[in-house]
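Biologist: I would like a close look at a single part of this model. Please keep the answer plain and go through the geometry step by step.

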Amino acid sequence: MTVMIDVQNLSKQFTLHNQGGINFTVLDDVSFNVRRGECVALHGTSGSGKSTLMRSLYANYKPQTGAIWVHNGVQTIDIANAEPRQIMRLREHTIGYVSQFLRVIPRVSTLDVVMEPLRMKGAGSDEAEARAAALLRRLNVPERLWALAPSTFSGGEQQRVNIARGFISDYPILLLDEPTASLDSKNRDVVVEMICEAKNKGTALVGIFHDEEVRSEVANRLIDLTNRTDVE
Ligand SMILES: Nc1ncnc2c1ncn2[C@@H]1O[C@H](COP(=O)(O)OP(=O)(O)OP(=O)(O)O)[C@@H](O)[C@H]1O
């Protein structure tokens, strides 16, 4: 199976400039890979660096050493050292990211928020709207909310809008930061189903899942950042 993400010897330190310039290491020589059709869960105690690693995979953080090779279907690009333009292209076409909280833009409707990644890839508005509607319906977001901006939505509603936005584009790589944290059991089951379907279609997924049941249902492997082990 094609390796979609190849993390090699990644290290990340933070410097606390307003606290005497203290340096501390969060990721220390982390290596692992993720193949097409598998879901790898980042695991470890609180503070072990799961979110830091996830943000590095999306190029929100720049590690000091190491590489994150990402396969975009044509070539592999080291997103840890790529140019901003290359990162933007990877985000448009290759890597989707479902963060824990929705970043809401005032006055943009839920339907438009969900459609946006597909429109950015050049899809027509009819196709994008049909896909967004199908996802919102599947995730039990009531139709009366679709024309509203999600800023006033409940935590679980916002999380489902974010999931719909992350899944609309069929990215070859999908990063999921606690995608079921605010969901009831019915919607959690829908998301688990969507993750399993994405795996079957060949998507490579990396996730943080604090819910053990969800983790055991979706993850093929755990990367334990506490002990730096790779558990099958
Ligand atoms: N931008 C930052 N500046 C300084 N320190 C940071 C920054 N981001 C994270 N850290 C520190 O790095 C360490 C790892 O944080 P991170 O959020 O990656 O852990 P985590 O494993 O995701 O934790 P949790 O399970 O509690 O969410 C923590 O000690 C945190 O304080």
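Which residues of helix 4 are buried?

Modeller: This is a predicted model, and the description below rests on its coordinates. In helix 4, the buried residues are Ala128, Ala132, Leu135 and Leu136. Viewed down the axis of helix 4, these buried residues fall within an arc of 95 degrees, so they line one face of the helix. They pack against two other helices, helix 3 (110-120) and helix 5 (155-167). On the face turned away from the buried side, helix 4 carries the exposed residues Asp126, Glu127 and Ala134.

The length of helix 4 can be checked as well. Helix 4 covers residues 125-138, which makes 14 residues. At 1.5 Å a residue, helix 4 should span 20 Å, and because its end C-alpha atoms are 20 Å apart, the two values agree. Just after helix 4 comes Asn140, whose phi is positive, at about 60 degrees.

For context, the model also has an open sheet of 4 strands in the order 2-1-4-5, with antiparallel pairing. Its edge strands, each pairing on one side only, are strand 2 (22-35) and strand 5 (76-78). From one strand to the next, the twist averages 25 degrees. Within this sheet, strand 1 (residues 3-16) and strand 4 (residues 65-71) pair in the antiparallel sense over 5 bridges. Asp6 stands opposite Trp69 of strand 4.

Key
Residues numbered from 1 in each chain as written. Predicted model: local features only at pLDDT ≥ 70, side-chain atom pairs only at ≥ 80, totals over all residues. Expected span 1.5 Å × (residues − 1). Buried ≥ 20, exposed ≤ 12 C-beta atoms within 10 Å, placed from the backbone. Arc of directions from axis to C-beta. Contact = placed C-beta atoms within 7 Å. Pairing = 2+ DSSP bridges. Axes fitted to C-alpha atoms, helices over the stretch in contact; angles between N-to-C directions.
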